[in-house]
Amino acid sequence: MMLFVLNDNTPGKGFLNDWGWSVLVEGKSRFIFDADTRGEILLHNSRVLGFSLRNLDFAVLSHWHYDHYGGLPLVGELNPGIPLYAPPGKGTMARRWGLRVREVAKAGELEAGIWTSGPLNGFEQAIGVETPSGLVVIVGCSHPGVEGLTRALLDASGYEKAHLVIGGFHYPTTKALDRLSKMAEFIAPAHCSGEDAKAYVRRKYPEKFIEVRTGSVIEL
């Protein structure tokens with residue numbers, strides 16, 4: 001399975017960049033998790049990475065903030081009629097983009113080998129993807145807490161530990177990162193995690209830290 005970071009706050013050479021988060025997942029299914037702020041960024045960066053944003057099986061949205069859904073009109077244009085798994089919110093708007101909205105109300109399996117935490121606090125979900133290396137947890141902004149989202153996914157999927165947790169951690173405390181370290185073999189803070197969080201994980205858990213930026217590719 002492959003993860004392609006289409007956009008992160010930290011730029012990568014040769015890529016367009018913005019404040020936002022988006023990951024393309026290629027495995028048993030091919031789907032996009034979150035969609036940054038602007039479709040043109042996703043389109044440019046996918047071309048640099050050498051793949052098309054067409055022929056997606058579905059899309060997943062962590063929460064209804066613009067730096068995560070802004071590129072969804074492009075996703076719908078290139079993939080008319082695909083499902084969008086999203087927390088309750090702006091479903092009517094997403095339907096106008098050509099997406100079939102499937103509101104996520106609780107934790108469980110979305111597709112074969114792909115679990116959702118359910119919308120914690122009624123607001124934000126994360127997903128867990130089964131890979132040959134173990135469960136990969138992908139988060140958006142982690143407003144409810146990255147450790148809480150990870151725990152919800154472990155409970156939903158039956159895994160004892162995540163292989164990797166990647167995404168925005170929303171400026172977590174060191175105690176939150178310490179709790180997360182007990183749940184994950186590898187940790188990749190991105191987007192809104194903040195430089196302090198990255199530095200803390202790099203310093204205290206160097207064997208777990210994975211650096212990511214726009215254009216990063218992770219093979220699992």
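Predicted model: local features only at pLDDT ≥ 70, side-chain atom pairs only at ≥ 80, totals over all residues.
Reader: Fine. At what angle do H5 and H6 pack, and how far apart are their axes?

Author: Helix H5, residues 146-157, packs against helix H6, residues 174-181, at an angle of about 20°. Their axes are 9 Å apart.

Reader: So which label does that pair get?

Author: With an angle of about 20° and the cut-off for parallel at under 35 degrees, H5 and H6 are therefore roughly parallel to each other. The crossing of H5 and H6 is left-handed.

Reader: Which residues meet there?

Author: From H5, Val146, Glu147 and Thr150; from H6, Ala176, Arg179 and Leu180. Sorted by class, that contact has 3 nonpolar, 1 polar and 2 charged residues.

Reader: And H6 with H7, what angle do they pack at?

Author: About 50°, and the axes of H6 and H7 are 11 Å apart. That makes H6 oblique to H7. The crossing of H6 and H7 is right-handed.

Reader: Which residues of H6 and H7 meet?

Author: Thr174, Leu177 and Asp178 in H6 are in contact with Ala197, Tyr200, Val201 and Lys204 in H7. The contact of H6 with H7 divides into 4 nonpolar, 1 polar and 2 charged residues.

Reader: Which residues of H6 are buried?

Author: Ala176, Leu177, Asp178, Leu180 and Ser181. Ala176 and Leu180 are among the residues that meet H5, while Leu177 and Asp178 are among those that meet H7.

Reader: What covers those buried residues of H6?

Author: The cover includes H5, E11, E12 and H7.

Reader: While we're on H7, where is Glu195, and is Glu195 buried or exposed?

Author: Glu195 is in helix H7, residues 195-204. Glu195 is exposed, because its relative accessible area is 54%. Its C-alpha is 8.6 Å from that of Tyr171, a residue 24 residues away along the chain.

Reader: Change of topic: the largest nonpolar core. Which of its residues touch the most other members?

Author: That core has 25 residues, and Leu3, Trp21, Phe31, Ile127, Ile138, Leu164 and Ile166 touch the most other members. Strands that each supply at least two residues of this core include E1 (2-7), E2 (22-26), E3 (30-33) and E4 (58-60). So do E9 (127-131), E10 (134-139), E11 (162-168) and E12 (184-190).

Reader: Take Phe31. What does Phe31 touch, leaving out residues up to four places away in sequence?

Author: Phe31 touches Val23, Leu24, Val25, Leu56, Phe58, Val60, Ile114, Ile127 and Val129. There is also a second, separate core of 24 residues, which includes Leu6, Leu24, Leu61 and Trp97.

Reader: Now the backbone. What is the phi of Ser142?

Author: It is positive, about 60°, although Ser142 is not a glycine. Most residues other than glycine have a negative phi. Ser142 lies in the loop between E10 and H5, and counts as buried because its relative accessibility is 2%.

Reader: And His170, what is its phi and where does it sit?

Author: His170 has a positive phi near 60°, and it is a residue other than glycine. His170 is in the loop between E11 and H6. With a relative accessible area of 33%, His170 is partly exposed.

Reader: What does His143 touch, neighbours up to four places away not counted?

Author: His143 touches His63, His65, Phe123, Glu124 and His170. His143 is in the loop between E10 and H5 and is partly exposed, with a relative accessible area of 30%. The C-alpha atoms of His143 and Arg47 are separated by 31 Å, and the two are 96 residues apart along the chain.

Reader: Last one, Arg38. Where is Arg38, and what is it in contact with?

Author: Arg38 is in the loop between E3 and helix H1, 39-49. Leaving aside neighbours within four places in sequence, Arg38 is in contact with Asn17, Asp18, Gly70 and Gly71. Arg38 counts as partly exposed at 35% relative accessibility.

Note on methods:
Residues numbered from 1 in each chain as written. Heavy atoms only, no water. Axes fitted to C-alpha atoms, helices over the stretch in contact; angles between N-to-C directions. Helix = DSSP H or I, 4+ residues; strand = E, 2+ residues; numbered from the N terminus. Parallel < 35°, antiparallel > 145°, perpendicular 65-115°, else oblique. Left-handed = near helix turned anticlockwise from the far one by under 90°. Contact = heavy atoms within 4.5 Å. Nonpolar A, V, L, I, M, F, W, Y, C, P; charged D, E, K, R; others polar. Core = buried A, V, L, I, M, F, W, Y, C linked by side-chain atoms within 4.5 Å. Buried < 20%, exposed > 50% of the residue type's maximum accessible area, 1.4 Å probe, protein only.
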